[in-house]
Amino acid sequence: MAQEDVFKKIVAHAKEYGFVFPSSEIYDGLSAVYDYGQNGVELKNNIKRYWWEAMTLLHENIVGIDSAIFMHPTIWKASGHVDAFNDPLIDNRDSKKRYRADVLIEEQIAKIDEKIEKEVAKAAKRFGEAFDREQFLSTNARVAELKAHRDALHERFSQAMNDNDLEGLRQIIIDEEIVDPISGTRNWTEVRQFNLMFRTEMGSTADGAMTVYLRPETAQGIFVNYLNVQKTGRMRIPFGIAQIGKAFRNEIVARQFIFRMREFEQMEMQFFVRPGEEMRWFAYWKEWRLRWHKALGLGDEKYRYHDHEKLAHYANAATDIEFQMPFGFKEVEGIHSRTDFDLSQHEKFSGKKIQYFDPELNSSYTPYVIETSIGVDRMFLSVLCSSYEEEQLENGETRTVLHLPAALAPVKCAVLPLVRKDGLPEKARAIVNDLKFDFATHYEEKDAIGKRYRRQDAIGTPYCITVDHQTLEDDTVTLRERDSMQQTRVPVADLHRLIHDRVSLNSLLRKLN
Ligand code: GAP
């Protein structure tokens with residue numbers, strides 16, 4: 001099945017099984033805004049808990065905060081977001097549709113890459129086992145032509161983006177003869193900068209309302225609380241502050257389900273270090289964050305780093321952790337060495353001294369910062385996409401199963417009485433009443449047992465416990481494991497231990513130590 005079709009199925013599955021709904025659906029939805037359903041919210045909370053505990057429990061020197069979404073508007077001036085948090089936009093006069101100029105050009109580059117790959121695939125088929133990809137890429141004339149075009153285009157594009165050259169971007173669109181996918185025409189307007197922050201008013205207009213912004217990142221809430229936390233927590237450098245919270249961006253090109261949203265959630269951690277030691281800590285966090293991802297067991301080959309060649313003016317190193325989504329490798333997390341830019345800017349704009357007195361060095365300085373920043377929703381999407389399987393069974397049937405990491409699964413076990421009589425429901429309820437204090441436990445008695453197993457497979461429940469007539473005689477049940485579908489007869493008294501070993505967050509966190 002084409003990856004595009006797989007992705008459509010995952011989106012449909014997410015809705016059908018209560019993971020993600022389009023926002024305001026009965027009013028025809030609101031573009032790029034989504035709601036999490038009864039299973040989605042549990043999965044999301046488990047992801048957040050995994051991150052939070054990995055940061056704050058496993059690192060003695062990291063503490064958490066929860067800062068407000070509304071902040072003083074000058075913060076966004078100081079951070080550079082008012083002046084520079086922009087996307088270059090272009091309109092097509094015929095379709096009246098608006099596009100990101102940089103995305104149109106990136107898509108054009110991707111098309112050339114696809115053409116190169118097609119040539120490679122054709123040649124591989126022709127030459128069979130004898131095919132040498134590297135040799136073909138360096139010698140084939142058609143590929144050489146495409147590659148020269150691609151590299152020149154990429155160079156021109158990078159230059160225009162770096163120089164903030166809007167006319168240059170437009171000229172690339174014209175020269176490349178890029179057409180609007182809707183109208184099919186090249187009737188483009190000028191390129192304009194569009195700020196991504198949502199604005200609103202605070203206070204009544206009569207009092208002179210103040211324009212405030214919905215925060216586009218949670219990080220600034222950490223920077224402006226640096227002094228509060230350092231002093232009240234008597235923190236000594238190096239130390240970190242972690243935060244999970246909503247962020248808002250007026251994304252123009254919002255696509256691919258929950259990958260790019262207008263309202264989303266971030267998990268960010270700012271790690272404050274001595275100037276000059278930032279590269280060591282950058283390397284530490286780069287490695288540690290990838291380890292956090294891989295511990296979930298979604299497949300090591302699905303991750304890669306993408307080191308930034310072009311850095312923001314305040315950064316001296318940056319890398320993305322990319323995950324293989326059905327629509328290609330995409331950024332899930334960013335790790336940035338942000339120097340002392342943010343704290344220095346807030347010192348300048350607020351007029352307050354933001355420094356650290358280092359008792360070991362007997363001197364004061366503005367700390368440098370390593371940031372780890374991951375989107376909860378993108379993490380959710382990566383877990384969902386890599387867990388989804390339409391499995392062909394030996395009996396010819398297909399079962400749809402979510403192989404979610406057990407610690408993240410919304411429901412850990414379902415207790416199912418084989419029939420709705422003979423005292424089996426009562427026994428099943430007694431088991432639920434015992435397990436529910438430690439695990440998210442479902443009770444289900446409707447429909448045939450096979451159908452109930454399938455429903456639990458579809459939401460990724462690691463264990464089903466079946467209560468039958470034998471249970472009443474010897475206090476044993478059938479424990480069915482989701483991935484292998486293996487059923488084992490176990491004493492009720494062992495259930496807690498058996499389930500706990502596999503589903504607890506604790507075991508996942510231990511892998512990181
Ligand atoms: N404080 C740094 C910062 O915000 P970013 O690369 O703009 O950096 C960090 O965002 C992470 O937030 C991204 O790696 C991504 O996972 C998530 N993210 C950013 N924009 C998003 C959007 N529109 N929808 C969903 N997630 C988004």
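This is a predicted model: local features need pLDDT of at least 70, side-chain atom pairs count only at pLDDT 80 or more; totals for chains, interfaces and linings use all residues.
Guide: Ala, Val, Leu, Ile, Met, Phe, Trp, Tyr, Cys and Pro count as nonpolar; Asp, Glu, Lys and Arg count as charged; the others, Gly among them, count as polar.

Visitor: How many residues surround the ligand, and which are the closest?

Guide: The ligand is surrounded by 20 residues. Glu 217, Met 261, Glu 268, Glu 331 and Val 332 are the closest.

Visitor: How does this shell divide into nonpolar, polar and charged residues?

Guide: Five are nonpolar, five are polar and 10 are charged.

Visitor: How much of the ligand does the protein bury?

Guide: Taken alone, the ligand exposes 560 Å². The protein buries 91% of that.

Visitor: Which elements give two or more residues to the shell?

Guide: They are strand E10 (263-273), strand E13 (328-337) and strand E16 (368-375). E13 gives the most, with five residues.

Visitor: Now the helices. How do H2 and H11 pack?

Guide: Two packed helices are described by the angle between their axes and the distance between the axes. Here, helix H2 (residues 38-56) and helix H11 (residues 278-294) pack at about 140 degrees, and their axes are 12 Å apart. The two helices are therefore oblique to each other. Their crossing is right-handed.

Visitor: What should I look for in the backbone?

Guide: Most peptide bonds are trans, and most residues other than glycine have a negative phi. Ile 237 and Pro 238 are joined by a cis peptide bond, with omega about 5 degrees. Pro 238 sits in the loop between helix H10 (226-232) and strand E9 (239-248).

Visitor: And where is Lys 96?

Guide: Lys 96 is in the loop between strand E4 (86-92) and strand E5 (98-100). Lys 96 is not a glycine, yet its phi is positive, about 65 degrees.

Notes. Residues are numbered from 1 along each chain as its sequence is written. Side-chain values use heavy atoms; hydrogens and water are left out. A residue is near a molecule or strand if one of its heavy atoms lies within 4 Å of it. Accessible areas come from the Shrake-Rupley method with a 1.4 Å probe; for residues, only the protein chains shown count as cover. Helices (H or I, at least four residues) and strands (E, at least two) are DSSP runs, numbered from the N terminus. Axes are lines fitted to C-alpha atoms, for helices over the stretch in contact, and angles run from 0 to 180 degrees between N-to-C directions. Angles under 35 degrees count as roughly parallel, over 145 as roughly antiparallel, 65 to 115 as roughly perpendicular and the rest as oblique. A crossing is left-handed if the near helix is turned anticlockwise from the far one by less than a right angle, and right-handed if clockwise.
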